[in-house]
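Take a look at the model below. Then read on to see how its parts meet.

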Amino acid sequence: MEAALQIKGLCKVFGHVPIIKNVSFDVYPGEVFGFLGPNGAGKTTTIKMVMGFLAPDKGDIIINGTNIKENYEKAMSNLGGIVENPEMYKDLTGRTNLKMYARLHDGVTDERINEVISLVGMSQRIDEKIKKYSLGMKQRIGLAQAILHKPRVLILDEPTNGLDPAGIKELRDILCHLAHNDGVAVIISSHLLSEMELMCDRVGIISNGTMLGVKPIKDLLEHANGGTVSFRFLTNDIDLSLSILNGKFSKAVTNVTSGYLDLSIPFECVPLINKKLVEGGVSIYGITQNTASLEEAFMNIIQRGGFDA
Amino acid sequence: MRKLFALYINELVKIFKRVSVLVMLIIMVVLVGLYTLLSSFSYSSVISDFLGGAYDDTQAELAALKEERATLEIRIKAAQASSSTDAAATLQELESDLIYTDNEIYILNLCIESGVQRYNEVSFRRDAIDKISQYLFDLISLRRQASNDAEAALQVEQYEKYVETLSDIVKNNDYKSYIEFSKESVNLNTDITDEEREIELEYYDLLYLNDPSGSGKISGLTNALLNIKNERISLLRGINTVDTAKYNMPLSMDDEEYIKNKLAVDLYNVEHGYLALYDRYSADYSKATAVNNAITFGTVFIAILVMILAGTAISKEIATGSIKSLIIAPVKRWKIMTAKVLALLTLTLLSMALLFILSLGLCTLLFGTSVQIPYVYASAGKAKELSYILYELSVLGISSVKVIVYSAFALLLSTITRNSALSVGLSIGTYFGVSNISTILTTTMSGEWTKFIPFEHFNMLGRIFTYSPVYINDYSGMFGIITNTPLMFSVVYLAVLTVTMMITSYDSFNHRDIK
């Protein structure tokens, strides 16, 4: 399958400081790609180069098969997105803003505009001026603008910023629908790792201007902990559990409290341990994968400076 | 092209949905309306002050003079009675004073008798009274000489006759005789050549021909005919007496060509009665220039408006972040810039059209259509007319050159500095501070390079409409550099300047990163 977005050997220098050093990655249609990295790693700079704010010093950006150097307008017509906070013309209404943007694209009808407005849940307030909108509403209008022309590649920088939990869930549903049903390549950069974990199919990690690697999110979690993931077993019978696990799995226990045990084990071992505990007479109230684990994985990778070090 | 057009429509939406734009246009409309209205009042009061509102208090002046005369007589008697050594000198002085007073009493009596204002009047009778006054003054010394000089005695006789004739002219309001009298004095003048005499005589013929009653727009006609006379004499003598900057210099080929054309224009204007612009103190002058003034007045507001929009065009979008939705759109940056430039030009054009309709409409309403005088120019000695509407449209177009160049400057600052306050402040400041800057530069500097100080080059009206009887809201010629600079130089220079500023703006916007 051909990549929807190809980034090849991207370099950018500000003054004399190299900010982006030979960054390359591909994003495929139908996937949600998480773009991760600590502050100042070069996430936004990379995204701004893709979106045309900054000119790359070296390297190529190919959107839906078209290099932006060769046919800028054709390449950009397949791209939609929001950089940092969505900013619009504050004295104009949401609808006017969308109409103005729609004019710059081919084939965006009034019906399409209305469809997108109801998709992002802004039908009620669309004829008010932008300056009356909350940050969350601006995010929704920003998303509406970004998907108005049905782009093949959608880039969102911190899209959950300012959204309430219900809004975040709606956004997640919209993005997953776009990726998995419409085959859009969605790229998200965020600091909220738990969100990323829920949404992304693959993640790419950038640190200090260098791309550390791209992995499916499941592999990343396992890889980071040497093929193990942290799972939480909810139970009251801590002592009994510990005695059952004593021996082969004693090393796997990472955390013990009165209500649960944290075990660092490979994915495949979860049913086995569960079976052992249940057979040993322990009441298991639930098993969850620890959400902090992506964070740990992320920190590990950043500290080690790569996947393989 | 389609994308460019879409961007252009978006820019227009942004401009015309901005409240400040509408407010500024309304301010312009209101102030231009107010200005026109006020000028329609003030022209009538200026003129009435000049021609009838203020009356001379002739009776009071006469009474005061009679009192003075009585005092003088007493003092003369006292001096005659005295036998001191310097009494003779005092007596002579007092006797002269008595004659002056008598002369003035004679004139005031004449004024009262014929109903002429001694001071607050413009008419041939007032001119005749001035002449009487002059002859009476000359007679004082001539009479003294007459006792031992036959020639002087002859002249006394002649002057006395003149005073009598002129007094009759004033009493009878007899314009024809006045013209004849004037021609007679030209005939008697021995200081001029026959050809010059002919020109002088024709002046009076034309005066009588065009205004047989002598009561009409005497001043404008007189000025126009004086121009014609002056131009003819200048051509005859081959010496420039028309252009004050080259006064009394031999005529060059160009000067001669110009004066010939100017003569054709003046003759044409007299023939067609286009005289309002020849007398800047007349009511007709105020009326005829009202549209012009309103355009100049309103252009200031348009300039401020367009400079604000140009000065914020790029910088405000960057400051508020709204540039993002433009950059993300599939359009090249030069198209974004071009759309902005086109939208600004459209705004300038539309507001100029509004101003034109407004000022023409208001002035026609307040002053009537009769004052719409076409602009007359000439080439190869043949006069041609430019219709009034086309003339005012050209004035409008030339006025907008300054708006456009200054807006290009504001746009350049906005693109390069990305600071709205600086761009708007500096461009508007330069626009209004220009006269000060130019004065300092042109008075303290000299040399060819001063031609490249851009500010004075905007004064083009006076150099384009060279055959206009007056300078039109234009200060060309106030400072030395522009009068001698050809119009074409200014046009090319301003064009090069504007294109350079535009190229720099485009280059900066196309290639600089937006962080």
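## The model and chain B

The model is predicted. Chain B has 19 helices and 2 strands. Its C-alpha trace spans about 110 × 50 × 50 Å along the principal axes. The radius of gyration of chain B is 32 Å, whereas a compact globule of 515 residues would have one near 24 Å.

## Where chain A meets chain B

The contact involves 29 residues of chain A and 27 residues of chain B. Together the two chains bury about 2700 Å². Carbon and sulfur atoms account for 57% of that area. Three residues stand out on the chain A side: A:Phe53, A:Glu73 and A:Leu104. They supply 28% of the area that chain A buries against chain B, more than any other three residues.

Charged groups also pair up here. There are 3 salt bridges across the interface of chain A and chain B. In one salt bridge, the side chain of A:Asp106 meets that of B:Arg2, with 3.0 Å from N to O.

Four elements of chain A each supply at least two residues to the side that touches chain B: β1 (5-14), α1 (43-51), α2 (72-76) and α3 (94-103). Of these, α3(A) gives the most, with 4 residues. By type, the chain A side divides into 14 nonpolar, 7 polar and 8 charged residues.

## The two domains of chain A

Chain A is divided into domain 1 (5-217) and domain 2 (225-304). Their C-alpha centres are 37 Å apart. In the contact, 11 residues of domain 1 of chain A touch 8 residues of domain 2 of chain A. The two domains bury about 770 Å² between them, and carbon and sulfur atoms give 81% of it. A:Leu193, A:Glu197 and A:Ile205 supply 58% of the area that domain 1 buries against domain 2, more than any other three residues.

How many salt bridges cross the interface of domain 1 and domain 2 of chain A? The count is 0. Residue pairs in polar contact between these domains also number 0, with both residues required to be at pLDDT 80 or more. On the domain 1 side, α7 (193-199) and β9 (202-207) of chain A are the elements that give two or more residues. That side divides into 8 nonpolar, 2 polar and 1 charged.

## The two domains of chain B

Domain 1 takes in 2-50 + 293-511, and domain 2 takes in 175-214 + 218-274. Their C-alpha centres lie 39 Å apart. The contact takes 14 residues from domain 1 of chain B and 11 residues from domain 2 of chain B. About 1000 Å² is buried between these domains, 64% of it from carbon and sulfur atoms. B:Val376, B:Glu385 and B:Tyr467 supply 43% of what domain 1 of chain B buries against domain 2 of chain B, more than any other three residues.

Salt bridges between these domains number 0. The elements giving two or more residues to the domain 1 side are β1 (375-379) and β2 (382-386) of chain B. The strand β1(B) gives the most, with 4 residues. This side of domain 1 of chain B divides into 9 nonpolar, 3 polar and 2 charged residues.

Conventions: Residues are numbered from 1 along each chain as its sequence is written. Chains are lettered from A and ligands numbered from 1 in the order in which they are written. This is a predicted model: local features need pLDDT of at least 70, side-chain atom pairs count only at pLDDT 80 or more; totals for chains, interfaces and linings use all residues. Side-chain values use heavy atoms; hydrogens and water are left out. Domain bounds come from an automatic or database domain assignment. Contact means heavy atoms within 4.5 Å. Buried area is the accessible area (1.4 Å probe) that two parts lose on being put together, summed over both. A salt bridge is a side-chain nitrogen of Lys or Arg within 4 Å of a carboxyl oxygen of Asp or Glu. A polar contact is a pair of N or O atoms within 3.5 Å; within protein, one must be able to donate a hydrogen and the other to accept it, and residues adjacent in sequence count only if both atoms are side-chain atoms. Ala, Val, Leu, Ile, Met, Phe, Trp, Tyr, Cys and Pro count as nonpolar, Asp, Glu, Lys and Arg as charged, and the others, Gly among them, as polar. The radius of gyration is taken over C-alpha atoms; the globule rule is 2.2 Å times the number of residues to the power 0.38.
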